[in-house]
Every structure is written in structure tokens, then in C-alpha cells.
Amino acid sequence: MNVEDRLKAALHGTAGLVEDRPRPLPTAARRRRIPRFVPVWAALIVALVMLGPFVLPDGESNAPIPMSSPSLAIGSAPEIYVAIYGATKERKSRFEIRSTATGELRQVNEAGNGESFVSIAAIPDDGKEGISSFYLLTRLGAGTLPGCTKYTVYGLQISADAGFSSWGGSTVTFEAVDGTPANLATTPKGDEIAYSFEGCGRKVIEGDTERYVGGVGVPGVPLFAHHWAGATTTWNAGGKVLNLAYSPDGHSLAMFRLRDAEAGREAQRELLLMRTANPDDTTTLLRWTEESGIRKDGAVRRPINAMISPDGKKVVVVFSGPDGSGTRLSVAERPIGGKGLSFREPLTPVVDHPVDGPVLVKQHPSGPELLLQAGATTLFHGGKIKAVIPSIEETPADIAW
Amino acid sequence: MITGASPALPAFYREHQTGLVRLAMMLVGDEATAEDVVQDVFVRLHRNAPVLRDEQKLLAYVRSAVLNGCRSVLRRRKLIRRHAERYEPPAWSAESQAMLGEDHREVMRALHRLPRRQREVLVLRFYADLPDEEIATTLRIRPSTVRSTMSRALSALERELGDAS
């Protein structure tokens, strides 16, 4: 008998010791409990009796009495958000589920061996009652060609109380230059997925022609992909992609990029709005040269991130500053009109806050709020309201709610 | 949909309680503690149930909760052992009066010398007959991790049994 048969027989033999009989369904406290806290309580009561007259205040307390427990929600923001972290020497890659209001850690899940989490996007209108759904861009490991690494986008579901999470299937799998896939975005229903990466195709020369096989595209060239109805289409991004977001109807994709410098033109930061049916049909929502920015208190603040608002009606711009010192974060908003914005048009920041590192911006899926990650601090921005969620002392690779 | 207040919960409990107690028994070693673990889970389910759309997902959720309960019991036992208190010996121990064959005892003892995750993966596969995906959902790990853990666990168990014989 092999080890599997012996194990199966032993397990079923042990299970057979438990009789199949009706057991009452409990409705209150459990029946038996190990009295592990009895000694602690006894010691506390004795200490209180002995020391009470010396240490207890004899007047009424001046301490404020809380009127009610704090709300777990801020504005219309979801109660929880998810932060993902890459692998370190000490720790595997992981995602953490935290309270939006307090930053309290609800759950931690580590990636499997050799895997790591890269980027996350929320699916607010997936139609699942009481469940928060996400897509998780995950690095799987070595690809099929030298220089290629395999990535996939998994589904993830989290219960309303953040106490239970489960994995969904893999929606799209691709190969890319290691470390380049980023900026995962999806529509509110989760039926379209976009991400940026660099291709890892192998050059093949046949006669006078050359082409790339295996991983998509020319190695080192920034690309972005749009996945819909089981098909993935890939385009040249024309520069490093810094952020991606869909319009609510999924018809447009906003891309914030650092456009490559070309002959006679310096590198620029641009926010483009592309029709997903035809990315060549593009509107430039805003454009700055690398050196320009807004002026506040006599100092120049440069745009470091931008995107369209969740309702698709506004452009949201995040500025660092002043003068690139990276010590303050300013957020400005502008309605999307017929014409794009240029750096010459003045923008007045509605939020101004000290930061300690790179800034991530995530849309609230169904409200006007933004989730901002500035270094190790998570910030909530809803209109003029500003709430600082306690520092979690480690900068996440991505966040979503 | 089944929630804590749902009238479907008692029927769900009746249908699955024996299986869940048996699953807990594999990990904690005695029926009374296994019953406590399962009942604790259902008490919590009454008070604060997750909203899950179908019974299979609820079963996976409850299985997960039972495994968590078993882990808590085992942690508590370590503490109790430190304070020299007694608890029911596991069914596979030499002191137990349970009617379990010697080979089964030997296999169960070897199983309990394995790391926790390996032990749980083996129980969920070879007792509960769950596929990789369901084991992954229950233990909140990736299916690929289930497969690698299973392979390592079987090799380790084989070594343990070889060393014991």
C-alpha cells in the first residue's frame, strides 16, 4: 500500500470515530470554554481591592466621553481599500486589506512561491452583492522565451466585512520584459482591462524583412494593451506610461505618459483620452513640458501624475513641489471641455499636503473621491475635504478601493 | 443566498455538521474539541455572517473558519502544555482509548509531525476530496502553491513513515 492509500485509510478511519448524529445548532455562546483568563481576572480583582483606595480618583473624571463609535466610512468611499507590496528580502509579496477611515489592518495575504503582485484595480459594479471585486496583476515567473517573464491578471473577491477573500480565475496572461508591466486599469463592470508593459519579442530576420516573434513587440518599447471580449489589442504607447484609467462607459481610456523627446521637441507629460475602439482617435487633455508647472507662493510646482475623474468629467492633476523638492503635494482639478489644457492655463490646487515619497492616484469607483498614496502615507481626497489615514510605514506598490 | 439570519442556515448546518466535525477531528484529535470548533464557527455565523451568493461558497468559507478555529485550539494547547494542564489526548496517541488501528495511528502521528500547511493540504485532499482550486480557496493560497505543498507534504510523510518503521 503506498503512502497515499495509507493516508486515505487513516484519515477515513479517524473520521469514522465521529458518529453521524444530530448536534444542536448553537444560537448563543459556545458550550465549553477553557478558562484561560480566569487567573488574569482574579489577579486584577485582587490588585484592585488592595490598591483601589490609593490609585482611583476621588472626583469625577474630566476625560471626554465618546458620543458614538467613529464611522467606518468617509464620504461615499468604500469601507476598505487594498494595498499591494512587492517582495523584499525579508518578506514575500503580499496584499493588505485596510480600513479606509482608520487604516486598520483587516487581512494580509501573501503571494505564492516565486509570484509577486504588481498592480491592482477595483471592479465596483460587478453585480456581486456584499462582495468587493478586484483585478490583480501578478508576476508568475520565467516566460517561454529568454528575456520574457510571464504575467497574469487574477480576479479577487473580498467579503463585505473584509474577513474573507477568495481568488477568481485568470483573465489574461502575457509575457513582457521583467518589471515593466504596470498601471492596471479596468471599467466599473470589469469587462475591459488595460495595462502597460514593454514587449519581449525575439527578432527574426527572413530575407529582407525582420519581424518579432514570441512576446509581443520590440524589446524596450513601451506598449499598452486593451483586453475586451477575450481579445487583446496592443499599441505603441509613445513614451513611458505613468497612469491609465477608463471612462465610466469604457468607451475611452485616459493615459498619462511621459512622451519621448523627438528631434526639435523636448519630452512632455501628456494626458490623452483615446477611444478604445480606435486608439488613434485621441484627444490631448493636457500637456506640459518637463520644465513647466504651476506657480504658487513664488515657487514652481511640476505635474507628477494626472488622470480623469471617476465620472469622466474632470481632469485631476497632482503636483509636487515647490521646485521639485518633493515636500508638498498639490491636487488641482479642471472640467474636461472641448479643448485640451496647456501648462499656461492657471490651476488652483484644492489640496496642499506634505508628502514623503512618490505619489499614486486611484479613482473612487462610484464617487468623486480620490485615494492618494504619498510615500508611506495614504491620503483621502473628496472635494475640499482632506483626511489623512495613518502612515503604514511602508510604501505600497499600488492601491485600490 | 444564505446569511446568518437566513432560515436556510439550520438546514445547511444539519447537512454539513458531521463532515465539518470530522474535518476538525483530523486536526485537533478529539471529538469534543472538534465539535466546539464547529459550533463556535456557527455561533459567529449567526452574529456576523458574510453575504455569499451560493452554498458552495459558504461551505468554503465555513471550512476556512473551521481550520482557523483548529489553529487557535492548537496554539492554545501549546500554552496549556506550558502550564501543565491536561487536555484530551488525540485519538491517534498511545494514551487514547479510541478504536483506531495501529497503522492508522502511525500515519496520523506522522501527519501531525508535518508543518501546519502541509498537514491541512493533505487532510483537505485525502479526507475531504477537494480539488486544488477549492483547497486554494479554503486556505487562501494559490492553486500552484497547493500543488507544490502537496508534493512536498507527501514526500515528507513518506520520509516520516519510513523513519518510524
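Trainee: In strand 16 of chain A, which residue is the bridge partner of M255(A)?

Mentor: The bridge partner of M255(A) in strand 16 of chain A is L272(A). Before going further, please note that this is a predicted model, in which local features need pLDDT of at least 70 and side-chain atom pairs count only at pLDDT 80 or more, while totals for chains, interfaces and linings use all residues. Residues are numbered from 1 along each chain as its sequence is written, and chains are lettered from A and ligands numbered from 1 in the order in which they are written.

Strand 15 of chain A covers residues 252-259, and strand 16 covers residues 268-275. Strands (E, at least two residues) and helices (H or I, at least four) are DSSP runs, numbered from the N terminus. The two strands run antiparallel and are joined by 8 bridges; strands count as paired if DSSP finds at least two bridges between them. Of the 8 residues of strand 15 of chain A, 7 are buried, so that the strand is mostly covered. Here a residue is buried if 20 or more other C-beta atoms lie within 10 Å of its own, exposed if 12 or fewer, and partly exposed in between, with C-beta atoms placed from the backbone.

Strand 15 of chain A also pairs with strand 14 (residues 239-246) of chain A, again antiparallel, through 7 bridges. In this pairing K240(A) stands opposite L258(A) of strand 15. Strands 14 and 15 of chain A form a hairpin with 5 residues between the strands, and there G250(A) takes a positive phi near 75°.

Other strands of chain A form open sheets. One has 4 strands in the order 8-9-12-13 with antiparallel pairing. Its edges are strand 8 and strand 13 (231-236), each of which pairs on one side only. On average, neighbouring strands of this sheet are turned by 20° against each other, direction ignored. Strand 12 (residues 222-228) of chain A is joined to strand 13 by 6 bridges, and H226(A) has T233(A) of strand 13 as its bridge partner. Strand 8 (residues 182-186) of chain A contains N183(A), whose phi is near 55°, a positive value in a residue other than glycine. N183(A) counts as buried because it has 23 C-beta neighbours inside 10 Å.

Another open sheet of chain A has 4 strands in the order 3-2-1-29, also with antiparallel pairing. Here the edge strands are strand 3 (105-110) and strand 29 (398-400), each pairing on one side only. Within it, 6 bridges join strand 1 (residues 80-85) to strand 2 (residues 94-99) of chain A, and V82(A) has I97(A) of strand 2 as its bridge partner.

Chain B is built of helices: it has 7 helices and 0 strands. Among its 165 residues, 43% count as buried. In helix 6 of chain B, the buried residues are I135(B), A136(B), T137(B) and T138(B). R140(B) lies in the loop between helix 6 (132-139) and helix 7 (143-164) of chain B and has a positive phi of about 60° although it is not a glycine. R140(B) is partly exposed, because 17 other C-beta atoms lie within 10 Å.

Finally, helix 1 (residues 3-15) of chain A packs on helices of chain B. With helix 5 (residues 116-126) of chain B it makes an angle of about 80°, the axes being 10 Å apart; axes are lines fitted to C-alpha atoms, for helices over the stretch in contact, and angles run from 0 to 180 degrees between N-to-C directions. Helix 1 of chain A is therefore roughly perpendicular to helix 5 of chain B, since 65 to 115 degrees counts as roughly perpendicular, under 35 as roughly parallel, over 145 as roughly antiparallel and the rest as oblique. E4(A), L7(A), K8(A) and L11(A) of helix 1 of chain A meet L122(B), V123(B) and F126(B) of helix 5 of chain B, where contact requires C-beta atoms, placed from the backbone, to lie within 7 Å. The residues of this contact divide into 5 nonpolar, no polar and 2 charged; Ala, Val, Leu, Ile, Met, Phe, Trp, Tyr, Cys and Pro count as nonpolar, Asp, Glu, Lys and Arg as charged, and the others, Gly among them, as polar.

Methods:
Two residues are in contact if their C-beta atoms, placed from the backbone, lie within 7 Å.
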